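Please look over the sequence and the structure first.

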Amino acid sequence: MNSCKCYGLYDEENIIGFLAIIHQPHPTNTKIKRVSRLVILPDYQGIGLGTKFLNAIANLYTNKGYDFSIITSAKNLISALRKSDKWCMYAYAKTKPESQTSSVGHKVRSECYTGRFMYKK
């Protein structure tokens, strides 16, 4: 999305991770930023790089006075964030069964569990 702020994670000169942040509209809190996309290449998954990358960017935004959140259906990420003292899970629920399409026309997974987390300073 054009409105996202994007970050890359590199192994020397090769990009191995990508994280996009978007402003989250809210009726009373105008300072929420949310992860729109977090991707780590398969060869680099499972060793904690995604969580470290996410924590670094979350820390960057919270130090600037923003609230920072992520919604994910990735089981390994949900497990890692639940164990972390830096993240607070405020919701865990199964998505609705109907077929969903994102604002840019991509199919959205349905009938899977998602965790909603806020980063704690």
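The text below goes from the whole chain to its sheet and then to a helix beside the sheet.

The model is predicted. Its chain has 121 residues, and 31% of them are buried. The secondary structure consists of two helices and eight strands. Read from the N terminus, the elements follow the order β-β-β-α-β-α-β-β-β-β. Of the contacts between residues at least 6 apart in sequence, 51% link residues at least 24 apart.

Six strands make up an open sheet with mixed pairing, arranged as 1-2-3-4-8-5. Strand 1 and strand 5 are the edge strands, each pairing on one side only. On average, neighbouring strands of this sheet are turned by 25° against each other, with direction ignored. Strand 2 and strand 3 run antiparallel and are joined by seven bridges. Opposite H23 stands K33 in strand 3.

Helix 2 packs on the sheet, where it touches strand 3, strand 4, strand 5 and strand 8. The direction of helix 2 makes about 40° with that of strand 8.

The table gives residue ranges for some of these elements.

| Element | Residues |
|---|---|
| Strand 1 | residues 5–11 |
| Strand 2 | residues 14–23 |
| Strand 3 | residues 32–40 |
| Strand 4 | residues 67–72 |
| Helix 2 | residues 75–83 |
| Strand 5 | residues 87–94 |
| Strand 8 | residues 113–119 |

Technical notes:
Residues numbered from 1 in each chain as written. Predicted model: local features only at pLDDT ≥ 70, side-chain atom pairs only at ≥ 80, totals over all residues. Heavy atoms only, no water. Pairing = 2+ DSSP bridges. Helix = DSSP H or I, 4+ residues; strand = E, 2+ residues; numbered from the N terminus. Axes fitted to C-alpha atoms, helices over the stretch in contact; angles between N-to-C directions. Contact = heavy atoms within 4.5 Å. Buried < 20%, exposed > 50% of the residue type's maximum accessible area, 1.4 Å probe, protein only.
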